[in-house]
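Morning, everyone. Let me put today's structure on the screen, and then we'll walk through it.

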Amino acid sequence: HVTSDLATDIIIKVGDLKFYLHKFPLLSKSNHMQKLVQKASEDNCDEINMVDFPGGPNAFEICAKFCYGMAVTLNAYNVVAARCAAEYLEMTEDVDRGNLIFKIEVFLNSSIFHSWKDSIIVLRTAKSLLPWSENLKIVGRCIDSIASKTSVDPANITWSYTYNRKLSVQDKIVGDSMKLQEKIESVPKDWWVEDICELEIDLYKRVMTAVKSKGRMDGAVIGEALKTYAVRWLPDSVDALVSGVHSWRNKLLVETIACLLPSDNGVGCSCSFLLKLLKVAVLAGIDDSSKEDLVKRISLKLHEASVKDLLIPARSPQTTLYDVGMVQSIVNQYMTHEQRSQDVEPGKSAGFVLGHGSLLSVGKLIDGYLGEIAHDPNLSLTSFIDLSCSVSELARPVHDGLYKAIDIYLKEHPSLTKAERKKICGLMDVKKLTMEASMHAAQNDRLPLRVVVQVLFFEQVKAAARAQSRDSDARTTCVSKMIPDEEWDKTMGEDCRSLKKKMSEVETNEDGGQKNSKMGKKKSRNSKSGVQLLPSRSRRIFDKLWVVGVGKGHVENRSSETSGSSQSPSSA
């Protein structure tokens, strides 16, 4: 009701509210009201029902107060509704000079669009007033205002913003020797990312597209913005992620972030974030093209990943715990990139590649991943072998990690046949095992006998080479920890070839008739060779190898502390 001495002569119904007003003030400001009142008079009716009035009763009240000359308070929360209502009522300059539309536009251009936070508030409120706010270009002007402010030099930022994340070291300018009042914390480059996280997905996508189109934003900042938005809206648990209530929204969110990723070959986003995004993409069931794009980006930064990042849950109908095929695709693309980089730089030698940190990191990463998935009883031998073979040999100067993964797989899959155990053990090179791994392998009953024989043989060869190297030149002690194949061949000569030739005979003899043989239990020591005491199974194999060497006449046995076949080898 309007407080007045004059009786009201028209009733305007907006939503559930009725406004008892006077015709004259309304007709003097609103062209649309003139049409409605005229139609009501013709129908001999004093009540007008406004259906689908933009902004509802509150917005109409602002317009009505303006028509009566009352003070109207506009702010970022009600200005969009008031502008849409004024447009609906046709409160233009043609009806009256200085009308409501004109005044609201002045307020928007002089105040709202100049304010960082007000522009975001207006953009959020405009969502509920579509398509009016879109047709009036309020949404577009808000987006342009926000995008323009994100491109301002951080040194010129004078307005307030939300920043709850920890500043990085390079984003702080704080001198320890400066006075307290002179310690000024600089504005970080990503000062704006948290404020726009409150936007709905569709509006956020339009804002980020506008920010990228400016061409002034660093890819790392874009990546940080997308990461912050994902953390804000993606659920933490897998159950919440795939629940029917939010599954469609989560799928749309991942697809939106994936399409907004900076086109800088993955430089802008961390590999950990991209892999988490891929996990959500797999669980949410987004289209294959988006997943392929993520796989391509991840492959460029695979050396930055951790084993935990690669543990992508598998979806039905897969029976394994983790999506090994997805990781296989990532590794294949990574190795393709590596091969292309070598083709582009033909002067890059194998030794240079071996020293490349990223390649070595990937080799260590995949060995660790194999160790994790080896616990899965449903993991097929083919999948394990294929993933292991997808990594270049140059990425594995040491095979300890691969041996650990193979040992876990053998332990978790005891039903493997002899041929299958031989096949999986063929993945590792026993010459590339450290002494600790070799001693463990020598006592490992899960390994095929032939592999144990090889481990013992090459460990003795290395021990002999180390002893010879120490005697010849004490300064080369640190170099003699790992002897190349060429030096082994040069050092041992025909003795090595003879021992290798006898390995198959030893395996046959061990399987056939050695179960009941008696072994001496005396300990043998040799200070030069440094050979450790081994279990009876490995010791018998070791002794047989040594006896073969003695028969050839290349090695001299100087120990007499043991008897029978338990003679201890001495340094060659």
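A quick definition before we start: helices here are DSSP runs of H or I with at least four residues, strands are runs of E with at least two, and both are numbered from the N terminus. Counted that way, the chain comes to 26 helices and three strands. Keep in mind that this is a predicted model.

Some totals next. The chain has 572 residues, and 45% of them count as buried.

In what order do the three strands lie? The order is E2-E1-E3, in an open sheet with mixed pairing. Strand E2, residues 17-21, and strand E3, residues 47-50, stand at the edges. Each has a single partner strand, so one side of each is left without a neighbour in the sheet. From one strand to the next, the twist averages 20°.

As a reminder, strands of a sheet pair through backbone hydrogen bonds, either parallel or antiparallel. Strand E1, residues 10-14, pairs with E3 in the parallel sense, over four bridges. To find your place, go to valine 14: methionine 50 in E3 stands opposite. Then there is a helix on these strands. Helix H2, residues 31-42, lies across E1 and E3 and runs at about 130° to E3.

On to helix pairs. Two packed helices are described by the angle between their axes and the distance between the axes.

Pair one is helix H3, residues 56-67, with helix H4, residues 79-88. They pack at an angle of about 70°, with their axes 9 Å apart. Angles of 65 to 115 degrees count as roughly perpendicular, and H3 and H4 are therefore roughly perpendicular to each other. The crossing is right-handed. Who makes the contact? From H3, Ala59, Ile62 and Cys63; from H4, Ala81, Ala82, Ala85 and Ala86. That is seven nonpolar residues, no polar and no charged.

Pair two is helix H12, residues 247-260, with helix H13, residues 271-284. Their axes come within 9 Å and cross at roughly 140°. H12 and H13 are therefore oblique to each other. This crossing is left-handed. H12 brings Lys251, Val254 and Ile257. H13 brings Phe273, Leu277, Val280, Ala281 and Ala284. Here the contact divides into seven nonpolar, no polar and one charged.

First up, aspartate 407, in helix H20, residues 400-412. Is aspartate 407 buried or exposed? Buried means under 20% relative accessible area. Aspartate 407 has 10%, so it is buried. Which residues does aspartate 407 contact, leaving aside neighbours within four places in sequence? His440, Asn444 and Arg446. Glycine 371 is 36 residues away in sequence, and 8.7 Å away in space, C-alpha to C-alpha.

Next, valine 307, in helix H15, residues 307-310. Its relative accessible area is 24%, so valine 307 is partly exposed. Valine 307 and glycine 368 are 61 residues apart in sequence, but 6.3 Å apart in space, C-alpha to C-alpha.

That's my tour. Over to you.

Note on methods
Residues numbered from 1 in each chain as written. Predicted model: local features only at pLDDT ≥ 70, side-chain atom pairs only at ≥ 80, totals over all residues. Heavy atoms only, no water. Pairing = 2+ DSSP bridges. Axes fitted to C-alpha atoms, helices over the stretch in contact; angles between N-to-C directions. Contact = heavy atoms within 4.5 Å. Parallel < 35°, antiparallel > 145°, perpendicular 65-115°, else oblique. Left-handed = near helix turned anticlockwise from the far one by under 90°. Nonpolar A, V, L, I, M, F, W, Y, C, P; charged D, E, K, R; others polar. Buried < 20%, exposed > 50% of the residue type's maximum accessible area, 1.4 Å probe, protein only.
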